[in-house]
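Please read this briefing beside the sequence and the model, which is a predicted one.

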Amino acid sequence: NEFVPNDPEISKQWFINNIQLPKAWEITKGNKKVVIAIIDSGVDWEHPDLAENIWTNTKEIPNNGVDDDGNGKIDDVNGWDFVGNVSQQDIVNGNWREDNNPKNIAGFHGTHVAGLASAVTNNGKGIASSGFSCSILPIKTSPDQGGMGIYRGYEAIVYAANMGAKIINCSWGGPGFSPAEQDIINYATNKGSLVVVASGNDGAYIDFGGQYPAGYDNVLCVGGTNSSNKVASFSNWGIKVTVYTPGQTIYSTMPNGTYSNQTGTSMSSPITAGVAGLVAALHNEWTPKQILHQIRSTSDNVLATTPEQRPYYYGKLNAYNAVYYNNAPGLEIYEYSFSRGSALSDYLPNVIQLKVRNYLSAASNVKLTLRPFNNYIS
């Protein structure tokens, strides 16, 4: 069976049927209690197709100028703006002007992303979204002046986790590893938040650095596909990518009540975040890693043409499988060690010990295959 919502522009959203969302919605339509944080350029939270799904901080009394919940943010009733209406020079000088309005009409990116994660669905207007009825927590990390660069994004992740977001979407990234940023990802994960991130749009292999937070541990990293069920030419790829999701010519909300198509893994990520919200609505007790592995383990093996390619192009998101199947294992190598030192640095034999954790259903006949990345190791 399928649930087909009455949103009039759903015909412009080719990805809906591609990842079997109507069959998934027949099982679950999400839940207001499942909060999806959108850390981005800002969200037009008054958009007619978003407003009813916007999160409300019930611990704050609106517009009383008091930090009622004691989190350091005054009147953060519908999210927070970590940057404010500042210039590029203000940013260089570190002069943030935080406020409680996470809207940015000049920056469309966050509004488009939010609509994909959880625009109000089956409301007789606009579009449908993968998250259907999940709540959106808007968090603005771009200036009103001077483009859509992301600033203070990791501080925003901490805020989202502390506010109880079950899913945190980050459709952004760049080069440069930071142990402190990895610690923040770990903090959010331990707080119960699944951090969903875009793999990036360089068309590059990213397993050995080059894109973060995509390269960090404990994130659900999303690559992009096209309508032909191929990895899109713009999408970064590799073992670090958890799952691939439609990202080409994706129709969603825009500021001032409008809609348009956009392309990139920035679109793939929130579609996946919305499906993660559906899974969380069904399995309230599940940890972030269980949700991550459920989405990965139930993905469609349609991207790899040979077994050797499979680790790099593991699978395409299948929303129906993610909410329907309850018997998929979720295996992860979480620790490894060498009997001789920390690396393979000479021609002598070395024993590698791997520790594997299963996050989901029982697994049998497990086989681990070691495959070198180059010809220097036999």
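The disulfide count is zero, and the second largest pocket holds about 320 Å³ of space.

- When residues up to four places away in sequence are not counted, I295 touches L220, V243, T272, V275, A276, V279, L317 and A322.

**Buried helices**

- Helix 4, which runs over residues 109–118, is mostly covered, with ten of its ten residues buried.
- The buried residues in helix 4 are H109, G110, T111, H112, V113, A114, G115, L116, A117 and S118.
- Helix 8, at residues 288–297, is largely enclosed by the rest of the structure, because nine of its ten residues are buried.

**Cysteines**

- No disulfides are counted in the model.
- For C134, the closest cysteine sulfur is that of C170, and because the two sulfurs are 17 Å apart they are too far from each other for a bond, the cut-off for a disulfide being within 2.5 Å.
- C170 is likewise in no disulfide, since the nearest cysteine sulfur to its own, that of C221, lies 11 Å away, whereas a disulfide needs sulfur atoms within 2.5 Å.
- C134 has 0% relative accessibility and so counts as buried, and C170, also at 0% relative accessibility, counts as buried too.

**The second largest pocket**

- The space in the second largest pocket comes to about 320 Å³.
- Its lining is made up of 20 residues, and those nearest the centre of the pocket are W172, G173, G174, Q211 and Y212.
- Helix 5, at residues 153–162, and helix 7 each supply at least two residues of this lining.
- Sorted by class, the lining of this pocket has twelve polar, six nonpolar and two charged residues.

**Two buried loop residues**

- V43 sits in the loop between strand 1 (35–40) and strand 2 (80–81), and because its relative accessibility is 1%, V43 counts as buried.
- Leaving aside neighbours within four places in sequence, V43 is in contact with I38, L50, P102, K103, N104, G110, T111, A114 and P138, and of these G110, T111 and A114 are buried residues of helix 4.
- Between V43 and T225 there are 182 residues of separation in sequence, and their C-alpha atoms are 25 Å apart in space.
- N318 is found in the loop between helix 8 and helix 9 (319–324), and with a relative accessible area of 2% N318 is buried.
- Apart from its neighbours within four places in sequence, N318 is in contact with I19, Q20, T298, S299 and D300.

How values were computed:
Residues are numbered from 1 along each chain as its sequence is written. This is a predicted model: local features need pLDDT of at least 70, side-chain atom pairs count only at pLDDT 80 or more; totals for chains, interfaces and linings use all residues. Side-chain values use heavy atoms; hydrogens and water are left out. Contact means heavy atoms within 4.5 Å. Buried means under 20% relative accessible area, exposed over 50%, partly exposed in between (1.4 Å probe, protein chains only). Helices (H or I, at least four residues) and strands (E, at least two) are DSSP runs, numbered from the N terminus. On a 1 Å grid over the protein atoms alone, a cavity is a set of points where a 1.4 Å probe fits but cannot get out, and a pocket is an open set with protein on both sides within 12 Å along at least five of seven lines; lining residues have an atom within 4 Å of a point. Grid points are joined across faces, edges and corners, and a volume is the space filled by probe spheres set on the points. Ala, Val, Leu, Ile, Met, Phe, Trp, Tyr, Cys and Pro count as nonpolar, Asp, Glu, Lys and Arg as charged, and the others, Gly among them, as polar.
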